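Visitor: I have a model open and would like to read its side-chain contacts. Where do we begin?

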Amino acid sequence: MKPHALFFAIIFSLFQTATAQDQASIDSLYSIIPQERDTNRLEVLVSLFIEYMYYDVQKSRELINEYAGIAEELGETKYIATGKNLSGILHNMTSHFEESLVDLEIALDLYEQIDDKRMMSLVLNNMANSYRDLGKLTESLECHLKSLELKKEMELPAETIAPSYWNIGNTLGDIENYEESNKYYDKALEIYEDLNYVDDIMELKYMKVMNMEHIDSTLNLVPQVEEYIEHCRNKNYSNSLAGALDHLGNIHRRKGNYIQSESNYLEALKLAEQNGEESLPGLVKRHLVSLYLKQNLYQKALPYAEASLVSSEEFSTKKKQIHDYKVLADIYEGLNDYQAALSNYKNYHLLNSDVLSQENINYINELEIGFEAKEKEAEIALLTKEKEIDEAEKRSLWTGLVLLIALVFALVIAIRQRSKAAQIRQEKVRSDLNFKKKELLAYTTQLAHKNEVLEKLKTDLVDLKPNEENPNEMNSIIRSIDFNLKDDANWDAFKQRFENVHEGFTQRLLTEHPELSSGDLRLIALLKMQLNSKEIANLLNISQEGIKKARYRLRKKMNLESGDSLENRILTF
């Protein structure tokens, strides 16, 4: 669900805001819209976009497309920038975050050209939110800080500072610093309460509720979530309503209120599918499958699992396909359709093996073949040079003049030979290093896959009923899995391969930061390899939330400022 502050910040500086769809307002705008394709029509198009943006994505897209066409005809930079800015908003609302960043980058560049710092600050705010949705927290924080710096430089009023507080609170929540996150939410909330902005007040209170779930899991926060849901219904905020209903469904599922959870999920799915949201329907379907499997309702889970697979195949998201094949296999096994279960298990294992290892194995094999070919080429070159030298020596026996020429020729060849040999040695060093890098990547991938499989096996064992005859047998198996997940021998092997590629890196790091723990060094090594958060979580056997927390502690130990990039620091160390 997207905080309203993201969109309000952009629209506020352009035109009077409207935060809810009002048919009377829409009719009024259509009655005054000029027929001429000029700046007056552009202003009305934006006002209509504001009216439609939260409940009719298709209509909003039509309005922005018309706006962009007129702006291009007029050829004025500020209007073209506004069109790209609003297009970035719409892409964000429909979860097309990469496309959102493309439009927003163009808008930022255009506003820089005309030195419009106010709009630059607002576009930076929106870019930060799209980076956050992509999980790129460092880039998100950098954009928020640049935006806040511009706002303070211009001494803008509090209502434009509030979104920065809001979004800093979001980022702090992402790194699991929930109490500090709520403090920044309170700063923004104080400003909006003074301004009596009801929508933003309700949104911020809801954000605080989600933080409180992490701070104290015993709290009953259902009434506050239901209050926010009622607010979204009254305002006809379909996307926000769908996200909140999905959230409420999760709460009821954890509490065992399966009937209420199902009702929440189904309503959320209907709203998400009606309003063009592309990521939320898939998420809700997976939640429905989890709910039904928890109750062994395999027949009800089946159509949602199949729909999820169709979607993942359509968009070529192999990791989601792997998950969907495994879930379908479990469902068909529960339905006693063992042939279908076996088929899906085969697809799961084949695709999983292909994604996790085949590409790396093929690449290493190609590297080895290429290296052998280079060695053979070097041998042939050396033999050719030796033959040329022998022929020169034979010719030198005939006359002194020929001897002199032959000696000069031999000298030239010798110099070239040494140069060629040096080049071959350098190429061999580079090839060896590349091979070690690929060996490290392959080993890391296999280790991650092992941890993922062990963790899934552990979860499956926990869900099984204990054997009455051997009640301690299952616990023994789980302890064995835990031991393998934490096996330091695997990490020792990883460390040896890592040091082969990045010789002396760990020692230099400890010299400058002696307070780093072994856990910190593992995380740094994985970041050095540019793995993503999920891959790191699998390798370290902790949650992705735990990774965010570990990154936050690591930044403090390495004395990084808020604007510094942890990844850049590690990659350039």
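## Reading the side chains

Guide: With the rings. This is a predicted model, and a search of the whole structure turns up 7 aromatic pairs.

Visitor: How is a pair of aromatic rings described?

Guide: By the distance of the centres and the angle of the planes. Take tyrosine 192 and tyrosine 197: their centres lie 6.0 Å apart, with 40 degrees between the planes, and the pair is tilted.

Visitor: Is tyrosine 192 buried or exposed?

Guide: Tyrosine 192 is buried, at 0% relative accessibility. Tyrosine 197 is partly exposed, at 22%.

Visitor: What geometry do phenylalanine 498 and phenylalanine 505 show?

Guide: That aromatic pair is edge-to-face.

Visitor: Which residues do ring pairs link into a cluster?

Guide: Trp166, Tyr192 and Tyr197.

Visitor: What lies over the face of tyrosine 184?

Guide: Lysine 187 does, at 4.5 Å from the ring centre.

Visitor: Now the cysteines. How many disulfides does the structure hold?

Guide: The count is 0. A disulfide needs two cysteine sulfur atoms within 2.5 Å. As for burial, cysteine 143 has a relative accessible area of 8% and is buried. Cysteine 232 is buried too, with 0%.

Visitor: On to charges. How many salt bridges are there?

Guide: The count comes to 16 salt bridges. The cut-off is a side-chain nitrogen of Lys or Arg within 4 Å of a carboxyl oxygen of Asp or Glu. One of them joins glutamate 73 to arginine 37, with the closest N and O atoms 2.9 Å apart.

Visitor: Where do glutamate 73 and arginine 37 lie?

Guide: Glutamate 73 is in helix α4 (residues 57-74), while arginine 37 is in the loop between α2 (23-32) and α3 (39-52). The pair therefore ties together parts 36 residues apart in sequence. Glutamate 73 is exposed, at 53% relative accessibility. Arginine 37 is partly exposed, at 40%.

Visitor: Which residue forms a salt bridge with arginine 233?

Guide: Glutamate 267, with the closest N and O atoms 2.5 Å apart. This pair links distant parts of the chain, 34 residues apart: arginine 233 belongs to helix α12 (residues 222-235) and glutamate 267 to helix α14 (residues 258-274). Check accessibility as before. Arginine 233 is partly exposed at 36%, and glutamate 267 is partly exposed at 27%.

Visitor: What do the side chains of lysine 300 and glutamate 262 form?

Guide: A salt bridge, at 2.7 Å from N to O. Lysine 300 sits in helix α16 (residues 298-314) and glutamate 262 in helix α14, so the contact ties together parts 38 residues apart in sequence. Lysine 300 is partly exposed, with a relative accessible area of 38%. Glutamate 262 is buried, with 17%. The cut-off for buried is under 20%.

Visitor: Which side chain of opposite charge is nearest to lysine 528?

Guide: Glutamate 499, 10 Å away. Lysine 528 is buried yet has no salt bridge. Lysine 528 lies in helix α23 (residues 518-528).

Visitor: Which backbone oxygens lie 3.3 Å from a polar atom of the lysine 528 side chain?

Guide: The backbone oxygen of isoleucine 570 lies at that 3.3 Å distance. The backbone oxygen of leucine 571 also lies 3.3 Å from a polar atom of this side chain. For a buried charge without a salt bridge, look at backbone oxygens as well, such as that of isoleucine 570.

Notes:
Residues numbered from 1 in each chain as written. Predicted model: local features only at pLDDT ≥ 70, side-chain atom pairs only at ≥ 80, totals over all residues. Heavy atoms only, no water. Phe/Tyr/Trp six-rings, centres within 6.5 Å; stacked < 30°, edge-to-face > 60°. Buried < 20%, exposed > 50% of the residue type's maximum accessible area, 1.4 Å probe, protein only. Lys NZ or Arg CZ within 6 Å of the ring centre and 35° of its normal. Helix = DSSP H or I, 4+ residues; strand = E, 2+ residues; numbered from the N terminus. Lys, Arg positive; Asp, Glu negative; His and termini not counted. Polar contact = N/O pair within 3.5 Å; in protein donor to acceptor, adjacent residues only side chain to side chain.
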